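Dear colleague,

Please find the structure below, handed over for your files. The notes that follow it set out what was found.

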Amino acid sequence: MAIKLQTVLPSQYATTAAVVEKAFTGIKYTDHDEHQLIGRLRKSPLYQPTFDVLASTAAGEVVGFAMLSPATVNRQPATGRPLLVLAPLAVLPAYQAQGVGSALVRELERRAHIAGYPAISVLGDPNYYGRFGYTSAADFGITAPFEIPTENFMLHELDPHALTHYHGKLHYDPAFGIN
């Protein structure tokens, strides 16, 4: 399926929130707040529009959405960039397993790499995210700020050895409400 990826415009905020809400309906491991989270993240002083991306069909239907937000680690180089957190990644059920989510992840990784970020963190299924090179954050000495199975808290280095001097607990944007 041919999809178009683009940075979300303010006029598309309501549409992307609706896509996220629909995509997470019926999902077991969620607080069903993802559609509201993106609104809070967009109001954060840390918000970067370039990391707010949607996927649409050739006909213009928005079918997927993904966002990155900055996060810090207890011990990171004084001159080091923050890490990024991928949340949420959402694809309408009718368009899942067709490459939309993969395209969104790859596009955000490309943008983050160009901007010089060292890595992206994600909470999710290791079978899915492992395909993109995500591995346990524990392998890098980085821990979550809450209880989560180790295999579900993952990182992907955007450059080899980018996380050599990063260690400790990950601190999310305050908009997440979890630090």
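H161 is placed in the loop between strand 8 (153-157) and strand 9 (167-171); helices (H or I, at least four residues) and strands (E, at least two) are DSSP runs, numbered from the N terminus. Although H161 is not a glycine, its phi is positive, at about 65°. H161 is exposed, its relative accessible area being 66%, where exposed means over 50% relative accessible area, buried under 20%, and partly exposed in between (1.4 Å probe, protein chains only).

Please note that this is a predicted model, in which local features need pLDDT of at least 70 and side-chain atom pairs count only at pLDDT 80 or more, while totals for chains, interfaces and linings use all residues. Residues are numbered from 1 along each chain as its sequence is written, and side-chain values use heavy atoms, with hydrogens and water left out.

A97 also has a positive phi, near 60°, and is a residue other than glycine. The loop between strand 4 and helix 3 (100-114) holds A97, which counts as exposed at 86% relative accessibility.

Within strand 4 (residues 83-91) lies P88. The peptide bond that leads from A87 to P88 is cis, with omega near -10°.

Turning to helix 2 (residues 34-43), its residues E34, H35, L37, I38, L41 and R42 are buried. Seen down the axis of helix 2, the buried residues fall within an arc of 155°, so they line one face of the helix; the arc is that of the directions from the helix axis to the C-beta atoms.
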